[in-house]
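Subject: Handover of a structure

Dear colleague,

Please find the structure below, followed by an account of what was found in it. I would ask you to keep the model open while you read.

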2 protein chains.
Amino acid sequence: MTSTGRHFQAGIDELKRELATQGATVATRLAHAVRGLASRDIHALDEVAIGDAEVNARQMAIDDKAFKLLALQQPVAIDLRIIVAAIKVNADLERIGDLAVNTSERVIELNAEPPLKPYVDLPRISARVQAMVRESLDAFVSRDTALASSVVKEDDDVDQLYRRLFAELVELMRHDSTSVPRALHLLLVARNFERIADHATNIAEDVIYYVEGRDIRHAGTKQAPSAP
Amino acid sequence: MTSTGRHFQAGIDELKRELATQGATVATRLAHAVRGLASRDIHALDEVAIGDAEVNARQMAIDDKAFKLLALQQPVAIDLRIIVAAIKVNADLERIGDLAVNTSERVIELNAEPPLKPYVDLPRISARVQAMVRESLDAFVSRDTALASSVVKEDDDVDQLYRRLFAELVELMRHDSTSVPRALHLLLVARNFERIADHATNIAEDVIYYVEGRDIRHAGTKQAPSAP
C-alpha cells in the first residue's frame, strides 16, 4: 500500500470511529431521556440538553472530514461508497439527536404532573430502538450486512409495539379527558421512538448498499409510512 | 472547457433538474393530500399513493447519478459540494414524500368521519410548507442564497402556526372526548407539516453551504427540537 493509501485508510477508519462515537452518544442520550421518565431523574434530563452542543459539533466535524476525504483522495468503488454512506448516516444520527432532545423536553413536561400509568411499554420500545441504533452503527463499522439486515427486520416489531401503545393511549384519552395532555406527550414520545427506529433502518440499508453495492430501499420489505 | 468538463457540467445540470422535478412532485403530492382533506376529494388521495413508486424510483436514480459523477469525474471544490448537497437534498425529499403519504393515509381516516371543524389553519400551514419546499429547491437550482435564507426564516413562522394549532386541538380533545381520534389525526397531520418544513430548512442550509462553503447549521438561528 502506498503512503497515500495508508493515509486514506487511516482517514476512513477515523471517520468510522467518529460515527460510532456519535451513535453511542445519541443512544445514551435517548437512554437518559427515558430514564428521566421512569425515575423522574432530573439530572438525566439535564445531561440530554447539555450533550446537544457536542452532538452538533461532531456532526459538522464528520461532514467536514468526509468532504476532505472526497476532495483530497478522490476515492472510487467501495471507498467512495463508504464516504457517501458516512454523510447520510451522519445526517440520520443528527436527527436522532434532535429527537432525543425533543423527547427529554416532553419528559420534563410529563414529570410536572402525576404519572399517568406505569410507564412499561415506552421503556420497552425505547430499549428496542436504542439497540437498533447501536447495532446499525456496529454494522456500519464492521461491514456486517447480516447485522444490518436484522436491524431492518426489527423495525417491523417496533412499528407493532408503537401501534399498540398508540391505540391504548387514544382509548385512554377518549375515556378520561384529564389524561389528554399527558397521554398526548407519551404518544409523541412513542412517535419519536418510531422515527428513530426508521433512522436506524436507513443506516442499516446504507450499510448494505455500501458493502454490497446493492440498493435494498423500496424493495417492498419496508413499510415506512404505514404506522400511525 | 474540455469535452470532459462539458460532459460533467451536463451531468450536474441533469442532477439539478431531477432534484427540481422530485421537489415539485413531492410538493404536489402534499397539495393533493390537503385538497383531499378540505374537499373530501378521494381521487386526490389516490394520486398520492400512486405517486409514491415514482418518487422512490427517482430517488434511487438521483443517488445513482450523484454517485457516478463522484466516481467518474472526481470533482473538487464547488462541484464536489453540489454533489454532496444533492445526496443530502435527495434524502430530505424522500422523507417529505413519505410524510405526504402518511398525511394522505390520515386524511382518508379523517374523511370516514364527519368533519371536526372547518379546516382553516391546516391548509394555511400546508400552503406555507409547500412554498418552502418549492423555494428551497429553486434556491438549490439557481444557487440563490438569499432565497435559501428566507426559507430558513420562514421555518419560525411555521413552528408558531403549528404550536397554536396544537394548543387548540389539545383543548378540543380535553373538552369533547368524542373529538379525540379526529383531533389526534389533525394534530399528527400538522406535525407532518412541521417536519416537512424542517426538511425544507435542511435543504436551504445545504444550499448556503454548497454555494458559500459556509456551514450555518447549529448557528443558533434554528430551534429544531423546540416545537411540541
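**A buried serine**

A:Ser126 is buried, with a relative accessible area of 1%; buried means under 20% relative accessible area, exposed over 50%, and partly exposed in between (1.4 Å probe, protein chains only). This residue belongs to helix α4 of chain A, which covers residues 121-142. Helices (H or I, at least four residues) and strands (E, at least two) are DSSP runs, numbered from the N terminus. Apart from neighbours within four places in sequence, A:Ser126 is in contact with A:Val34 and A:Phe193, where contact means heavy atoms within 4.5 Å.

**How to read the model**

This is a predicted model, in which local features need pLDDT of at least 70 and side-chain atom pairs count only at pLDDT 80 or more, while totals for chains, interfaces and linings use all residues. Residues are numbered from 1 along each chain as its sequence is written, chains are lettered from A and ligands numbered from 1 in the order in which they are written, and side-chain values use heavy atoms, with hydrogens and water left out.

**Chain A as a whole**

Chain A has six helices and zero strands, and its elements run α-α-α-α-α-α from the N terminus on. The radius of gyration of chain A is 19 Å, close to the 17 Å that the globule rule gives for 228 residues, so chain A is as compact as a globular protein of that length. The radius is taken over C-alpha atoms, and the globule rule is 2.2 Å times the number of residues to the power 0.38. Along the principal axes, the C-alpha atoms of chain A fill a box of roughly 70 × 40 × 20 Å.

Of the 228 residues in this chain, 57% count as buried. Among contacts in chain A between residues at least 6 apart in sequence, 82% join residues at least 24 apart. The accessible surface of chain A comes to about 9000 Å², and 54% of that surface belongs to carbon and sulfur atoms. Accessible areas come from the Shrake-Rupley method with a 1.4 Å probe; for residues, only the protein chains shown count as cover.

Chain A carries 28 positive and 35 negative charges, and their mean positions are 2 Å apart. Lys and Arg count as positive and Asp and Glu as negative, whereas His and the chain ends are not counted. The place of a charge is taken as NZ of Lys, CZ of Arg, CG of Asp or CD of Glu.

Is A:Gly11 buried or exposed? A:Gly11 is buried, with a relative accessible area of 13%, whereas A:Arg17 is exposed at 53%.

A:Gly11 and A:Leu69 are 58 residues apart along the chain, and their C-alpha atoms are separated by 7.1 Å. Leaving aside neighbours within four places in sequence, A:Gly11 is in contact with A:Lys65 and A:Leu69. A:Arg17 and A:Phe67 are 50 residues apart in sequence, and 16 Å lies between their C-alpha atoms.

**Two loops with a positive phi**

Most residues other than glycine have a negative phi. A:Arg143, although not a glycine, has a positive phi of about 55°. This arginine is found in the loop between α4 and α5 (145-175) of chain A, and at 35% relative accessibility A:Arg143 counts as partly exposed.

B:Gln74 also has a positive phi, near 45°, and is a residue other than glycine. Its place is the loop between α2 (42-73) and α3 (77-111) of chain B, and its relative accessibility of 28% makes B:Gln74 partly exposed.

**The two chains together**

Which residue of chain B comes closest to the rotation axis? That residue is B:Gln74, at 2.8 Å (C-alpha). A rotation of 180° about this axis, with 0.0 Å of shift along it, superposes chain B on chain A (RMSD 0.0 Å). That is the relation of a two-fold axis. Copies are superposed by least squares on the C-alpha atoms of residues with pLDDT of at least 70 in both. Of the interface residues of chain B, 100% are also interface residues in chain A, so the copies meet through the same surface.

Yours sincerely,
A colleague
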